[in-house]
Amino acid sequence: MPHLAVTKIRKSYDGNPAVVDISFAVAPGKVLALCGENGAGKSTLMKILSGATLPDSGEILLDGHPARIARPADAMALGIRTVYQELSLLPHLSVAENILLGRLPTRAFSFVVDWPEANRVARQVLRDFGFPDIDPRSLIRDFGVARQQIVEIAKALVAEPKILILDEPTAVLSASETNALFAKIRALARAGTTILYISHRLEEIFEIADEVVVLKDGQSVLQGQIGKLEQEQLIRAMVGRPLAAIFPARKEPQGEVILEVSHLTRAGFFENIDLKIRAGEILGMFGLVGSGRTEVAKVIFGAEAADSGLVRLNGAPANFVSPAEAVRGGLAMITEDRKGDGLALGLSVLDNAGLASFDRASSYGIIDGVRRRAMVDGKVSELSIRPPGTERPVRQLSGGNQQKVVVAKWLLVEGTKVFIFDEPTRGVDIATKVEIYQIIADLAASGVAVLLISSEMPEVLGLSNRLLIMRQGRIVAELGPDQFRTETVFAYAAGLAPGARQLH
Amino acid sequence: MTEILRTSPKKSSFWQGLSRADLIFALAIVVLVAFASIASDAFLTQRNIVNVSRQLVTNGFLSLGMLMVVRTGGIDLSVGSVLAFAGLLATGLQEQMHFSAAIAIALTMGAAVGGINGWLITRFNLQPFIVTLSTMGMLRGGLYIYAETPRYPVDEMFRSMLGGAFVGPVPMNFILFALSVPAVWFYLNLTVSGRAAFALGVNKEAVRLAGVNVGKHLIFAYVACGLFAAIAGVLLASRLGIAQPSVGVGYELDAIAAVVIGGGLLGGGGGTAIGVLGGVLALAVVDNVLNLFNVDSYYQQLLKGLIILVAVLARRKNA
């Protein structure tokens, strides 16, 4: 008997169907991967299973019994725990308090918190999870996102769930943390916990899942054993197009060197970074989380200060001290954290997309509103941002469309010579990814120098003319397209390459 | 990941800017005015209307200034002290110089205090509440050191040109306020600085990384707020014919109230010049009506507090 069976689930919001017909069943102790583009219905399905929303119709069976999950508390009572992509930790509280929120052990007639016990429980959970080094007494705000994600998952684990739902859990994790998570998932599955694993990363799905369900347009279009499926089949089911059509054709750059960085160092983050990008070139930069990639980009962009080293733009010194100066100098940077520092979520598409290009639609500080709107409107339709229109707050857009607004913001700036893309497709559906890849290729074709930072291997391999690999703040390898192999890149990035020589 | 897009019913662009709460408030003011004009013979007299329009100018300028700062996600508690100091300078310095020069010094002082507030906030990344609380205290102390007793204007023109002047039946100072509403609207909506300030009230880092000089626009908002508070102080001293060192204590709260009633969001991301005008009018009319009915001032305070609460509740986003 399946542990969890979902039959013909249907849900609409204000008449817009989000889930049309999803059915699947999963046996106890199995890891079921759910994949699909944004808008395929994954989030809605997850909300239904965790009690955040009720389906319009359809049936959920737990161990053969119909389950009514009307509130999050119902889901918890049934042993269903969900780890959402958006972190829900309270930054000013300790790890232990976050993990045990709402269920802190007490003594003296439930009046006094039993801190030693709370810390012991939290430490135990973290140790079982493979992170004995996390001190349950430290405050969440002192942690980076990766550690926060670990605590978030630990918070679900402490309840010893029967069904664990994980939404893109590895998006911010490093390779070793991901390995620890996968080990834990396998251990949980062996002990009989059913795991629903949502991810964009197909390599991961093939590594961890037993079965897979592909969702498209609110329907479950494919279910099968992972061993019997090819990556190609999954992608085709998700997007309806073959893998080969994802990346535009690679072009050989012809131009002069535009950006040149020598001996750039920021103590504690990276040292002695040398790189050159020519006009029309896409320079890929791969590295695990914490390897210093983003910091290099931020320093080049003037958002953080370097300790030493030289940046040259078209041969002239260009150590920018502020992003404002960098933008004037012809740089653009799409940051990795769209919600944190890429967008002002509460503001309209117009205000966000027009944020970097005031000077194109204003004189003496006064904005030509009509011109600005026309400018942004044009870009919105050019990039086919959905829904069209510029007045809507970007908060209401899907992840892929939000990312297009960020891209539009920088495309609206004139005279940009260098584009830095930092994780341009994080949390973006495959259809939008393809569009963003095309934009990157078009920029390069127009003579712009592109620095493409990403932890998605297929992306850097598919787009770059050359690839730099960073590890622990240093560039450890530079590869040409003939050396683009997943194993090679990963070996360098993880420091496992047999001939892993330090370049400098 | 996926967010469900709700299709909003098509509205014309004018009405899109107004929420239902705005309309309810406009209606409430109309009802209040109608009620007051029926219940009190004094309310709709020219004398009373002139009085109200002159009185609301003080809070009007303070609130418009406050709005510019609130849109950046900040707050300025020092406006009451700036108002008092500006009044003292504009009147006290008249013994040494022409009153127009005295006014210029007073306004410069207001802008400078705003500039210092803004600079401290951006340069050292401090909280606006704390910085302006501190300048509020320092300035109040400073102005008592400057003038322990009230100052009276020397030049008769000071009163007859500003606080005592009329254009037809309309008080001069009210005209100045009425003109500054579209000016502030213009700044907020059609200037680079205004749009940038609005955006940084929602996400400062995103604005910085878009290559915008965050400090410049933030400081500008505080300078404008200080300047507006100084204008309010000069006009008040001119209208009353006296500058008291004790004036303006707690005025910042009335200004914040007007901004909030008008739809401003403390913490950034909302508020319009028209909304603030509505908030200022509402508070002034309520004050006036209660005065006409000789309601005890304790009840007035109670009622004002209640209005703020109702306003915030009415504008609460449906969570």
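Guide: Two helices count as roughly parallel when the angle between their N-to-C directions is under 35 degrees. The model shown here is predicted.

Visitor: Why are α3(B) and α8(B) called roughly parallel?

Guide: Helix α3 of chain B covers residues 46-70, and helix α8 of chain B covers residues 172-190. Their axes come within 9 Å and cross at roughly 25°. An angle of roughly 25° falls under the limit of 35 degrees, so α3(B) and α8(B) are roughly parallel to each other. As for its hand, the crossing of α3(B) past α8(B) is left-handed.

Visitor: Which residues make the contact?

Guide: A pair is in contact if the C-beta atoms lie within 7 Å. From α3(B), the contributors are Ser53(B), Arg54(B), Val57(B), Gly60(B), Phe61(B), Leu64(B), Leu67(B) and Met68(B). From α8(B), they are Asn173(B), Phe174(B), Phe177(B), Ser180(B), Val181(B) and Val184(B).

Visitor: How many residues of each class are in the contact of α3(B) with α8(B)?

Guide: There are 9 nonpolar, 4 polar and 1 charged. Gly60(B) belongs to this contact, and Gly counts as polar.

Visitor: What makes α13(B) roughly antiparallel to α14(B)?

Guide: Helix α13 (residues 273-292) and helix α14 (residues 297-314) of chain B have axes that come within 11 Å and cross at roughly 150°. Since angles over 145 degrees count as roughly antiparallel, α13(B) is roughly antiparallel to α14(B). The crossing of α13(B) past α14(B) is right-handed.

Visitor: Which residues of α13(B) and α14(B) make their contact?

Guide: On α13(B) they are Leu283(B), Val286(B), Asp287(B) and Leu290(B). On α14(B) they are Gln300(B), Leu303(B), Lys304(B) and Ile307(B). Sorted by class, the contact of α13(B) with α14(B) has 5 nonpolar, 1 polar and 2 charged residues.

Visitor: How do you know whether the radius of gyration of chain B agrees with that of a compact globule?

Guide: Chain B has 319 residues, and a compact globule with that number would have a radius of gyration near 20 Å. The value for chain B is 20 Å, so it agrees. The C-alpha trace of chain B spans about 70 × 55 × 35 Å along its principal axes. Chain B has 14 helices and 2 strands, and 49% of its residues are buried.

Visitor: Why is Glu382(A) called exposed?

Guide: Glu382(A) is found in helix α13 (residues 369-382) of chain A. It has 12 other C-beta atoms within 10 Å. The cut-off for exposed is 12 or fewer, so Glu382(A) is exposed. Between the C-alpha atoms of Glu382(A) and Ala408(A) there are 9.2 Å, although these residues are 26 residues apart along the chain.

Visitor: How many residues of chain B are in contact with chain A?

Guide: 26 residues of chain B are in contact with 40 residues of chain A. On the chain B side, α9 (192-202) and α10 (204-209) each supply at least two residues. That side of chain B divides into 12 nonpolar, 9 polar and 5 charged residues.

Technical notes:
Residues are numbered from 1 along each chain as its sequence is written. Chains are lettered from A and ligands numbered from 1 in the order in which they are written. This is a predicted model: local features need pLDDT of at least 70, side-chain atom pairs count only at pLDDT 80 or more; totals for chains, interfaces and linings use all residues. Axes are lines fitted to C-alpha atoms, for helices over the stretch in contact, and angles run from 0 to 180 degrees between N-to-C directions. Helices (H or I, at least four residues) and strands (E, at least two) are DSSP runs, numbered from the N terminus. Angles under 35 degrees count as roughly parallel, over 145 as roughly antiparallel, 65 to 115 as roughly perpendicular and the rest as oblique. A crossing is left-handed if the near helix is turned anticlockwise from the far one by less than a right angle, and right-handed if clockwise. Two residues are in contact if their C-beta atoms, placed from the backbone, lie within 7 Å. The radius of gyration is taken over C-alpha atoms; the globule rule is 2.2 Å times the number of residues to the power 0.38. A residue is buried if 20 or more other C-beta atoms lie within 10 Å of its own, exposed if 12 or fewer, and partly exposed in between; C-beta atoms are placed from the backbone.
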